[in-house]
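Subject: Structure for you to look at

Hi,

Here is the structure I promised to pass on. Please open it alongside this note, and my findings follow below.

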Amino acid sequence: MECFEIKGQKKLKGVVSISGAKNAAVAIIPAAIVAEGVSVIENLPSIEDVTCLMVSLDKLGAKCTLTDESTLIIDARKVKSYIATDESVSKIRASYYLMGALLGRFGHAEVAMPGGCNFGERPIDQHLKGFRMMGAKIDTSDEKIIKLDVDGRLHGANIYLDVASVGATINIMIAASRAQGRTVIENAAKEPHIVDTANFLNMLGANIKGAGTDVIRIQGVDRLHGGEYTIIPDQIEAGTYMICGAITGGDVTVKNLIPKHMDSLTAKLEEMGCSVIEGDDYIRIVAECKLWPTNIKTMAYPGFPTDLQPQITALLTAADGRSRVIENVWESRYQYIDELKKFRADITVNGREAVIEGGKELQGANVFATDLRAGAAMVIAALGANGVSTIGNIRFIDRGYANIEEKLLNLGADIKRINKE
Ligand code: EPU
């Protein structure tokens, strides 16, 4: 098993550059096949989820060519199949976007149930409700495959989402871009990657207005073409490195990010006593100070992102006093707490609330990544801990963080990728 071995308490210093956004990339890659064209996608993160989606697209007949580490050409002209039931599809969560893309293009889709990080129930009822309202018949009698069919072409519809779901908003937007007539999504999610996917689809010739607000209007078009697009920087990767800087009492400049996307984290780090300096496309965080406790409630964007909840919880163990975290987005996203306790962190979980008694020095430990962001939290705790830690199951971390050990090494961390029995 591949592990990270980290010797903690090295102050991180220097500059780290952020890769393209994972959750935008994993939407934009499937979205490319709703068009009969050639798309060139730049600033792609070099992560496992992207590799997995390329395999899925290849199996459908699209030709995916990486011209360098971060540029992907997708030739979607020859996609003939609407059946995406390969193992690569069931491995990751975002393969659910193949439903919207194939349904929009062919009026049919057969897609394996999505996999991805396992932190409890992850329903897709709102995606299916949207497709149904646009005229699709849905067969879920096979628990491993979802079959969607429409007589002719999807039609526009007014869709009110019961929860502001990121996935449902994007999936409906992709399908509706080729539907007949106008679709309105109300109570839409507003995350930056929704705006990015809408911008990508508009570049292909779609007519989507209002992405980034809670009402999105999509006027369907008959055909979409190819084009070139650059993915936005990863808000969660950027936040993770800001937190890495903070836990080591370091001085880290995180560059190639959109500072506005970081507002909720920046505010919290300032409350904790860090100094945060913003430029046009960078944030410098100086944490050569005592850290104060604070309270966090995760919310849909522009609230504090659930995808930074495990990382900030790891940081709060180093703050001098009691902090509370409330997880509002996912029902059970605290499985990693038992691992964090192995560093001798003092944390009590009660339902959606975690209470952290911070300020006691973390001690190196042997732990496992239980999912992607939980893995990032283990790295953060190990960077702050006294002594050596090993983190197993790092394949989870590789799913979402491009070149993490190189980036941390450049900042002065003592981190090695090792093989362990
Ligand atoms: N929900 C429903 N029904 C649905 C869809 C969602 O009830 O049909 C509920 C969920 O149970 C959850 C809430 O709505 O309580 C939000 O779920 P959402 O659909 O927004 O999540 P998602 O699209 O499956 C994406 C990210 C996640 C991130 C969430 C929330 C991707 C591929 N995944 O998931 O990212 O946590 O939005 O921001 O974009 C990660 O990157 O580590 C990650 C898990």
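**What I found**

Glutamate 357 is partly exposed, at 24% relative accessibility; buried here means under 20% relative accessible area, exposed over 50%, and partly exposed in between (1.4 Å probe, protein chains only). Please keep in mind that this is a predicted model, where local features need pLDDT of at least 70 and side-chain atom pairs count only at pLDDT 80 or more, while totals for chains, interfaces and linings use all residues. Residues are numbered from 1 along each chain as its sequence is written, and side-chain values use heavy atoms, with hydrogens and water left out.

**Salt bridges**

I count a salt bridge when a side-chain nitrogen of Lys or Arg is within 4 Å of a carboxyl oxygen of Asp or Glu. That rule gives 23 salt bridges.

Glutamate 357 pairs with arginine 322, with the closest N and O atoms 2.7 Å apart. Because glutamate 357 is in strand β21 (residues 353-357) and arginine 322 in strand β19 (residues 322-326), this bridge ties together parts that are 35 residues apart in sequence. Helices (H or I, at least four residues) and strands (E, at least two) are DSSP runs, numbered from the N terminus.

Another bridge joins glutamate 288 to lysine 13 (3.0 Å, N to O). These two are 275 residues apart, with glutamate 288 in the loop between β17 (282-286) and β18 (295-297) and lysine 13 in strand β2 (residues 13-17). Glutamate 288 is partly exposed at 47%, and lysine 13 is partly exposed at 40%.

There is also a network of salt bridges that links Glu2, Asp398, Glu405 and Arg417.

**Cysteines**

With a disulfide defined as a pair of cysteine sulfur atoms within 2.5 Å, the structure has zero disulfides. For cysteine 64, the nearest cysteine sulfur belongs to cysteine 52, 12 Å away. Cysteine 64 is buried, at 13% relative accessibility. Cysteine 274 has the sulfur of cysteine 289 as its nearest, 5.1 Å away, and is in no disulfide. Cysteine 274 is buried too, with a relative accessible area of 6%.

**Helix α1**

Helix α1 (residues 22-31) is mostly covered, with nine of its ten residues buried. Among them are Lys22, Val26, Ile28, Ile29 and Pro30.

Best wishes
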